[in-house]
Amino acid sequence: MHNQNEQRPILAITMGDAAGCGPEIIIKAFANTTMYGMCRPIVFGDAGRLELAGRLLNSTLKINKVTDIDQGVFTPGIIDVLDFANIPADLPFGQVDARAGHAAYQYIEAAVKNALAGQVDAVVTAPINKEALHKGGHNYPGHTEILADLSNTTDYAMMLSSQSLKVIHVTTHVSMLEASALITKERVLRIIRLANRTLRLLGLSEPRIAVAGFNAHAGENGLFGREEIEQIKPAVEAAKQEGINASGPIPPDTVFYRAASRKEFDIVVVMYHDQGHIPVKLLGFEDGINVTVGLPFLRTSVDHGTAFDIAGKGIADSRSMTAAIEFAARLAKGARSQN
């Protein structure tokens, strides 16, 4: 890897959909010079689009176009951009465009390739638009599926993190009926293990993992469903046998209060999409981030969409992007120290 004596990890930051808020939130995040002490960030994107976003924001940051990661200068005041030059200068903000969708895919594809080759330590993604992605010829439900496909990964999970709460999902983009069928002892145990491994990278020697129930009152001993008795509790017991500090199943209506307010747990394993998303977004919508765990490389993302309604106006909030970059830097540092 690029300059072995350099301790700061290299982060590939994908620009996302050029018609969305990605270029703006990247410019704003790079204005925060403290991140340069933690990492060496390089944008995979379109230099012209970033220059346009810079003008919208009256930014004084300089864009340094490079054709190779080794050409990055990684210095405050300068944004290193691996320039794909694939966005027309007149591409409108705030509209679905196949060209932006295809370009966004190209940034992700290149970042994954570099991550798998060990050229970058982590990937941080700005938001993409699913409709534009599909129009651009890439039929995926979202980022996570692209990343898993490009890295041949089948065992991955979505983790959400805010200042006060972390959750990791057993199921995500499926109906509640399907979620019930997918909640197996094996799957729940895999997610507990992924949670344990990820928090260890963040420096926790013995992460405290709460496992939420699926049904009201965590099933009330079988009165309201048997998922807890037949699948979730056996998974928690198996995790304990492996030396993991796991507790549960805990009733979903109290587990987030115990984790976020009383600080009894470091993360909550949740059973379905909204069970995890609602508390995290309620507690930390602006600084929440999305982490894909289980990939052969580290990946964090903003926890919001392309914000087409405000894109190009210079008002998009960059706190989630800043948090995603800092979180990726911490994970990458932890991974390096364990290698």
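In which hand does α4 pass α6 at their crossing? In this predicted model, α4 passes α6 in a right-handed crossing. Their axes come within 10 Å and cross at roughly 45 degrees, which makes α4 oblique to α6. Helix α4 spans residues 98-116, and helix α6 spans residues 143-150. On the α4 side the contact is formed by Tyr105, Ile108, Glu109, Val112 and Leu116, and on the α6 side by His143, Ile146, Leu147 and Leu150. Sorted by class, this contact comprises seven nonpolar residues, one polar residue and one charged residue.

Leu116 belongs to helix α4 and is one of the residues that this helix brings to the contact with α6. Its relative accessible area is 44%, so Leu116 is classed as partly exposed. When residues up to four places away in sequence are not counted, Leu116 touches Leu150, Ser151, Pro296 and Phe297. Leu150 is among the residues of α6 in the helix contact. Leu116 and Met271 are separated by 155 residues in sequence and by 30 Å in space, taken from C-alpha to C-alpha.

Met271 is one of the residues with the most contacts inside the largest nonpolar core, together with Ile168, Ile192 and Met321. This core has 99 residues, and α4 gives the most to it, with 10 residues. Another core lies apart from it and has 15 residues, among them Met158, Ile250, Ala259 and Val270. With neighbours within four places in sequence left aside, the contacts of Met271 are Val170, Thr171, Ile183, Val188, Val211, Ala212, Gly213, Phe214 and Ile232.

Two of these contacts of Met271, Val188 and Ile232, also take part in the packing of α8 against α9. Helix α8 covers residues 185-201 and helix α9 residues 227-241. The axes of the two helices come within 8 Å and cross at roughly 45 degrees, and α8 and α9 are therefore oblique to each other. The crossing of α8 and α9 is right-handed. Helix α8 contributes Lys185, Val188, Leu189 and Ile192 to the contact, while α9 contributes Gln231, Ile232, Pro234, Ala235, Val236, Ala238 and Ala239. By class, nine of the residues in the contact of α8 with α9 are nonpolar, one is polar and one is charged. Ile192, which α8 brings to this contact, is also among the residues with the most contacts inside the largest nonpolar core.

A further helix pair is formed by α1 and α3. Helix α1 runs over residues 22-30, and helix α3 over residues 47-56. The two helices pack at an angle of about 70 degrees, with their axes 9 Å apart, and α1 and α3 are therefore roughly perpendicular to each other. Their crossing is right-handed. The contact involves Pro23, Glu24, Ile26 and Ile27 of α1 and Arg49, Leu50, Ala53 and Gly54 of α3. By class, the contact of α1 with α3 holds five nonpolar residues, one polar residue and two charged residues.

Cys21 lies in the loop between β1 (10-14) and α1. At 1% relative accessibility, Cys21 counts as buried. Neighbours within four places in sequence aside, Cys21 is in contact with Pro127, His304, Gly305, Thr306, Ala307, Ala311 and Ala316. Of these, Gly305 is 284 residues from Cys21 along the chain, and the C-alpha atoms of the two residues are separated by 8.4 Å.

Backbone geometry was also examined. Most residues other than glycine have a negative phi, and most peptide bonds are trans. Phe74 has a positive phi, near 50 degrees, and is a residue other than glycine. Phe74 is placed in the loop between β3 (62-66) and β4 (78-83) and is buried, with a relative accessible area of 6%. Lys263, likewise not a glycine, has a positive phi of about 60 degrees. Lys263 is located in the loop between α10 (252-260) and β10 (267-270); with a relative accessible area of 43%, Lys263 is partly exposed. The peptide bond from Gly248 to Pro249 is cis, with omega near 0 degrees. Pro249 is located in strand β9, which covers residues 246-250.

Notes
Residues are numbered from 1 along each chain as its sequence is written. This is a predicted model: local features need pLDDT of at least 70, side-chain atom pairs count only at pLDDT 80 or more; totals for chains, interfaces and linings use all residues. Side-chain values use heavy atoms; hydrogens and water are left out. Helices (H or I, at least four residues) and strands (E, at least two) are DSSP runs, numbered from the N terminus. Buried means under 20% relative accessible area, exposed over 50%, partly exposed in between (1.4 Å probe, protein chains only). Contact means heavy atoms within 4.5 Å. Axes are lines fitted to C-alpha atoms, for helices over the stretch in contact, and angles run from 0 to 180 degrees between N-to-C directions. Angles under 35 degrees count as roughly parallel, over 145 as roughly antiparallel, 65 to 115 as roughly perpendicular and the rest as oblique. A crossing is left-handed if the near helix is turned anticlockwise from the far one by less than a right angle, and right-handed if clockwise. Ala, Val, Leu, Ile, Met, Phe, Trp, Tyr, Cys and Pro count as nonpolar, Asp, Glu, Lys and Arg as charged, and the others, Gly among them, as polar. A nonpolar core is a set of buried Ala, Val, Leu, Ile, Met, Phe, Trp, Tyr and Cys residues joined through side-chain atoms within 4.5 Å.
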